[in-house]
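Colleague: I'd like to learn how to read a few features of this model. Can we take them one by one?

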Amino acid sequence: MDPMKIEHPSTHLNPAMVKTIRDSAFKAERLGKIPPDQLAIIYEQKWFKLLVPAVYSGLEKSIPELVRLEESISWANGSLGWVVTLCCGAGWFGGFIDEEKAAEIFGSMNLCLAGSGAATGEATITPNGYKISGKWKYASGAHHATHFTANCIIKNGDEVVLNEGGSPLILPFIFDAKTVNILPAWKYTGMVATGSDAFEVQDIELSTLHCFKIDPNAAIVKTALYQYPFLQLAEATLAANISGMAIHFMDLCAAIFAEKQEQINLSSLQKNLLNELLVKQENELGKIRKSFYSAVDNSWVKLKQQGFPDDATMESVSKTSRSLAKTARECVDQLYPYCGLIAANTESEINQVWRDIHTASQHSLLTFR
């Protein structure tokens with residue numbers, strides 16, 4: 001793969017696979033979760049294991065490979081891409097979990113980790129580990145999860161444990177899905193099939209092996225992937241998802257605009273405006289995609305060369321990720337008014353993509369530039 005070549009997302013997926021995914025997209029919305037035919041592809045391709053360490057039968061993809069593939073999956077379908085991205089992102093934690101526990105967790109063919117980064121749980125220290133209770137929102141892929149990860153505030157008795165800076169100590173934990181209650185809570189206009197419901201645990205007792213620390217210095221697996229900063233990993237993968245959805249929208253828009261060229265009620269000036277508008281938005285998105293992939297690829301090269309990421313390089317990943325997400329949404333909004341009522345029809349593919357991108361782009365990580 002030429003790391004500097006920015007291909008159309010279709011390059012990375014088999015056309016038959018894309019057809020299967022898109023043919024079941026509305027069935028997925030009715031179910032409110034990823035349907036069996038899409039799950040079969042995920043398991044066959046090991047997409048939930050994209051970032052799981054190779055030592056635990058994972059694919060351990062490089063960051064440049066990862067973001068291109070995730071953009072492609074979201075181009076095929078936004079909900080599917082989002083679930084794959086969030087769940088395989090949680091699989092990255094395998095590089096930080098105790099080897100014995102990780103080997104037990106990550107060997108399953110149907111592995112899927114859902115979870116939340118919000119610190120809305122409490123873990124009280126016990127003689128054998130921790131007693132944990134909490135409730136967390138927005139666990140994409142919850143209905144397929146074999147395990148859940150979640151952040152908890154650490155307590156010693158009734159006292160909150162403080163870190164060196166004086167703020168509450170927060171650590172992530174991993175739970176077996178059997179100990180988790182899923183709470184129906186995902187009632188949003190888009191990303192309907194992500195099944196991003198809430199979950200809770202009540203007074204479960206876990207050993208210290210279920211607790212881990214996300215820090216390059218705390219990595220158990222000593223390969224480059226687990227030295228990559230989590231913030232930029234999250235920003236880049238979410239931005240790639242939104243980009244994939246925007247490209248899907250533009251592809252559908254191109255077909256609608258082509259049909260409009262045959263309409264006799266439109267003047268030549270109006271038809272030219274449509275063509276020029278589409279080309280302009282495609283170029284705008286293409287320009288920022290190039291900058292984004294250049295920053296991501298450079299960050300991986302630097303990491304491999306230096307053994308650690310430098311601040312300026314990683315700030316470039318953050319900046320271009322936010323710019324890509326913003327540009328993708330804005331390009332879609334420039335085109336939407338010219339698509340006609342089909343774009344407002346909730347049973348149309350283009351409307352589904354529009355709903356997905358406007359829901360996904362509300363993620364707080366990419367809201368501010």
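Modeller: Let's start with a void: the second largest cavity holds about 40 Å³ of space. This is a predicted model, where local features need pLDDT of at least 70, side-chain atom pairs count only at pLDDT 80 or more, and totals for chains, interfaces and linings use all residues. Residues are numbered from 1 along each chain as its sequence is written, and side-chain values use heavy atoms, with hydrogens and water left out.

Colleague: What counts as a cavity?

Modeller: Rolling a probe the size of a water molecule over the atoms shows where empty space is left. On a 1 Å grid over the protein atoms alone, a cavity is a set of points where a 1.4 Å probe fits but cannot get out, and lining residues have an atom within 4 Å of a point. Grid points are joined across faces, edges and corners, and the volume is the space filled by probe spheres set on the points.

Colleague: How many cavities of 30 Å³ or more are there?

Modeller: The count is 2. The largest has a volume of about 50 Å³, and its lining includes Ser74, Met245 and Asp356.

Colleague: Which element gives the largest share of that lining?

Modeller: α10, with 3 residues. Helices here are DSSP runs (H or I, at least four residues), numbered from the N terminus.

Colleague: And how do I read a helix pair?

Modeller: Two packed helices are described by the angle between their axes and the distance between the axes. Here α4 (residues 63–76) packs on α7 (residues 230–260) at about 35°, with the axes 7 Å apart. Axes are lines fitted to C-alpha atoms over the stretch in contact, and angles run from 0 to 180 degrees between N-to-C directions.

Colleague: Where do aspartate 23 and lysine 19 sit relative to each other?

Modeller: They are 4 residues apart in helix α1 (residues 15–23), so about one helical turn separates them.

Technical notes:
Helices (H or I, at least four residues) and strands (E, at least two) are DSSP runs, numbered from the N terminus. On a 1 Å grid over the protein atoms alone, a cavity is a set of points where a 1.4 Å probe fits but cannot get out, and a pocket is an open set with protein on both sides within 12 Å along at least five of seven lines; lining residues have an atom within 4 Å of a point.
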